[in-house]
Amino acid sequence: MRILIAAAGSRGDIAPYTGLGAELRRAGYEVALAAADPFAPLVRAAGLEFRSLPADTKARPGPGTGTGPDRRELMRTAAAFVTDLGRGFADAVDGGADLLLLSATTAPLGWHLAEVTGIPSLGVHLQPTAPTGDFPPTVPGVRPLGRFGNRMTGRLALRVADRLHDPAVTQLRRRLGLPPCSPAAMRRRQERANRPVLYGFSTALVRRPADWRPGLEIVGTWWPHVDADDRLPPEVEDFLRSGPPPVLVGFGSMASGEGERLSDLAVRALRRAGLRGILQAGAAGLAAEGDDVLTVGDLPHALLFPRLAAVVHHAGAGTSAAALRAGVPAVTVPVTADQPFWAGRLAAIGAAADPIPFRSLTAEALAEALRRVVHRPAYAQAAAGAAEHMTGEDGAGRVLLAVRQLTDG
């Protein structure tokens, strides 16, 4: 059986599916992962077939500077991103598939392809997308508004997503020879049928809301693929062994063009707090030199994080989960999208300091937060407790079980 996983976005939106795909491949399935071209090496390193999606990851919405674009500009950017994605999605499916695994971004397009091809589909989402009274929608970053307000803003967020997908869906259905069907109508059809969606995050961070419909399940985190032979570079090993555990500072795919300012800010904060540091370059291009600081590129979180004193990060879903899995406390600096949500969840369970919004980040604020999380044992204890909880979860195994039930039935 051939399984096609379709995902779109930045590295953090793709990497978890490499581990999920590798687990399905070990179970005997042929697995392809469709993503943007820059992620082809990441996909192939996991032993998966790569299929190209034309969406430009650089066009994703999200501020890259301290001020960021206005909301209408974000909406235009998001619409262009989804339209590009829709133009190539059908080509990826034409490569052959017996089952579609769809991320939150690709699902509104994948449902239409499943309709015309008859290929069954399963939602595999990295964020809680279904409305609930327990918390507001993750992507707009709105504050909690009570149970009624949370549900209403959750439904509004889905309608906004429907509007973003409308041009791409219209083009796709015309290409497939299907009669018109709006994204909203298709979404309601999926909900009425209780189509399954599996959420790849830990109940240590978010418990399943009681008001969710049947078919929505939180299964545990999907971890990026790490080869058994992978090791940290010698210079990183040397730095780790040369002194106390350092702090990692990184912003992932965020803060492009802010490297010089953020590097200077991070080094000043680390030295003010009396801590050694590792700067992860990322999209921002962080870089610094000195006996107490090291600059690195992309490294497997699973290998590096357990050897750190703390992690300063943008609170992307994957980085947030990786820090918890390592039992390491965090200082979060959310920038956009779902990052304020995950930053709030980490703080709520005591594994991170209160979030420092990206626009409010200063060396003084960062140094103070680092002193708290590194020197107050309660933060590390909360992270360690979450890590123990996560050892009892098998996110990829739960997807494998669902795939077998779907295909055998």
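**Figure 1. Overview of the predicted model.** A residue counts as buried when its relative accessible area is under 20%. Of the 409 residues in this protein, 51% count as buried. The model is predicted. The fold has 14 helices and twelve strands. Its radius of gyration is 21 Å, close to the 22 Å from the globule rule for 409 residues, so the protein is as compact as a globular protein of that length. Along the principal axes, the C-alpha atoms fill a box of roughly 65 × 45 × 40 Å. Among contacts between residues at least 6 apart in sequence, 62% join residues at least 24 apart.

**Figure 2. Surface and charge.** The protein exposes about 17,600 Å². Carbon and sulfur atoms supply 52% of that area. There are 45 positive and 40 negative side chains. The centres of these two sets lie 7 Å apart.

**Figure 3. The largest nonpolar core.** This core has 34 residues. Val-249, Leu-279 and Leu-370 have the most contacts inside it. The elements that give two or more residues to the core are β8 (247-249), α8 (259-273), β11 (310-313) and α12 (363-375). Helix α8 gives the most, with seven residues. Leaving aside neighbours within four places in sequence, Val-249 is in contact with Ala-266, Leu-270, Ile-278, Leu-279, Gln-280, Leu-286 and Val-312. A second, separate core has 31 residues. Ile-3, Ile-14, Tyr-17 and Phe-50 are among them.

**Figure 4. Leu-366 in helix α12.** Leu-366 lies in helix α12. Its relative accessibility is 2%, so Leu-366 counts as buried. Neighbours within four places in sequence aside, Leu-366 is in contact with Leu-265, Ala-266, Ala-269, Val-312, Val-331, Ile-356 and Leu-361. Gly-297 is 69 residues from Leu-366 in sequence. The C-alpha atoms of Leu-366 and Gly-297 are 22 Å apart in space.

**Figure 5. Thr-332 in strand β12.** Strand β12 covers residues 330-332 and includes Thr-332. Thr-332 counts as buried because its relative accessibility is 0%. With neighbours up to four places away in sequence left out, Thr-332 is in contact with His-313, Ala-315, Ala-343, Leu-346, Ala-352, Ala-353, Pro-355 and Ile-356. Ile-356 is also listed among the contacts of Leu-366.

**Figure 6. Helix α10 and its cover.** Helix α10 spans residues 317-325. Its buried residues are Thr-319, Ser-320, Ala-321, Ala-322, Ala-323 and Leu-324. The cover over these buried residues includes α9 (301-304), β11, α11 (339-348) and α13 (377-391). Gly-327 follows α10. The phi of Gly-327 is positive, near 70°.

**Figure 7. Ala-317 in helix α10.** Ala-317 lies in helix α10. Its relative accessibility is 23%, so Ala-317 counts as partly exposed. Not counting residues up to four places away in sequence, Ala-317 touches Leu-126, Asp-338 and Trp-342. Ala-27 is 290 residues from Ala-317 along the chain. The C-alpha atoms of Ala-317 and Ala-27 are separated by 26 Å.

Methods: Residues are numbered from 1 along each chain as its sequence is written. This is a predicted model: local features need pLDDT of at least 70, side-chain atom pairs count only at pLDDT 80 or more; totals for chains, interfaces and linings use all residues. Side-chain values use heavy atoms; hydrogens and water are left out. Helices (H or I, at least four residues) and strands (E, at least two) are DSSP runs, numbered from the N terminus. Buried means under 20% relative accessible area, exposed over 50%, partly exposed in between (1.4 Å probe, protein chains only). Contact means heavy atoms within 4.5 Å. The radius of gyration is taken over C-alpha atoms; the globule rule is 2.2 Å times the number of residues to the power 0.38. Accessible areas come from the Shrake-Rupley method with a 1.4 Å probe; for residues, only the protein chains shown count as cover. Lys and Arg count as positive and Asp and Glu as negative; His and the chain ends are not counted. The place of a charge is taken as NZ of Lys, CZ of Arg, CG of Asp or CD of Glu. A nonpolar core is a set of buried Ala, Val, Leu, Ile, Met, Phe, Trp, Tyr and Cys residues joined through side-chain atoms within 4.5 Å.
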